[in-house]
Amino acid sequence: MALRRAAELIREVPDFPEPGVLFRDISPMLADRAGLHAVVSALGRDCEFDVVAGVEARGFLVGAAVAQAYGTGVIGLRKPGKLPVVADRVSYTLEYGQATLELPADTLRAGQRVLIVDDVLATGGTLGAACRLVRQAGAEVAAAAVVLELTALEGRDKIMGEEVRALLQA
């Protein structure tokens, strides 16, 4: 019931960031106390992890809340040019262009179990890149968890070998 109400708070924005893209904005859900609580509680449930990796930018917000709720640290996987020291980077294809994610130096240790958190799973490029960054650091992907999966884009199929959790599907 709480997740269904949270889902109703996700706004659809047509033609953003480019024409033909239907953007799912979780900002109203994040601003709602009950909606945020339902999502945060569900994202980490039944998963053993040592640290959360939140994907820029909305994954930072949700990931930090999950880390706080479950008593772990949080790592921000960033866009290029945002970090003073970079441990590693991965470039990938988005549904509307190219992008790169970077892992901050001295944040992730080999053997750690990482819960990767993002807002939306679309084509799988971003989440797949996050999984590669974690594995390249010698850590384990405990799960990749998203608030919303856009099933028509079949992004889950591009993240082979990882546990992918989606709270909501559209």
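Which residues in α3 meet which residues in α4?

## Contact between α3 and α4

In this predicted model, Val39, Val40, Ser41, Leu43 and Gly44 in α3 meet Val62, Ala65, Val66, Ala69 and Tyr70 in α4, where contact means heavy atoms within 4.5 Å. By class, this contact has eight nonpolar, two polar and no charged residues; Ala, Val, Leu, Ile, Met, Phe, Trp, Tyr, Cys and Pro count as nonpolar, Asp, Glu, Lys and Arg as charged, and the others, Gly among them, as polar.

The axes of α3 (residues 33-44) and α4 (residues 58-70) come within 9 Å and cross at roughly 70°, the axes being lines fitted to C-alpha atoms over the stretch in contact, with angles from 0 to 180 degrees between N-to-C directions. That makes α3 roughly perpendicular to α4, a term for angles of 65 to 115 degrees.

## Nonpolar cores

The largest nonpolar core has 27 residues, of which Leu77, Leu101, Leu108, Val114, Ile116, Leu127 and Val134 touch the most other members. Such a core is a set of buried Ala, Val, Leu, Ile, Met, Phe, Trp, Tyr and Cys residues joined through side-chain atoms within 4.5 Å, buried meaning under 20% relative accessible area with a 1.4 Å probe and protein chains only. The largest share of this core, six residues, comes from α5, and apart from this core lies another, of 25 residues, including Ile10, Ile26, Ala145 and Leu168.

## Basis of the model

Residues are numbered from 1 along each chain as its sequence is written. Local features need pLDDT of at least 70, side-chain atom pairs count only at pLDDT 80 or more, and totals for chains, interfaces and linings use all residues, while side-chain values use heavy atoms, with hydrogens and water left out.

Methods
Buried means under 20% relative accessible area, exposed over 50%, partly exposed in between (1.4 Å probe, protein chains only). Helices (H or I, at least four residues) and strands (E, at least two) are DSSP runs, numbered from the N terminus. Angles under 35 degrees count as roughly parallel, over 145 as roughly antiparallel, 65 to 115 as roughly perpendicular and the rest as oblique.
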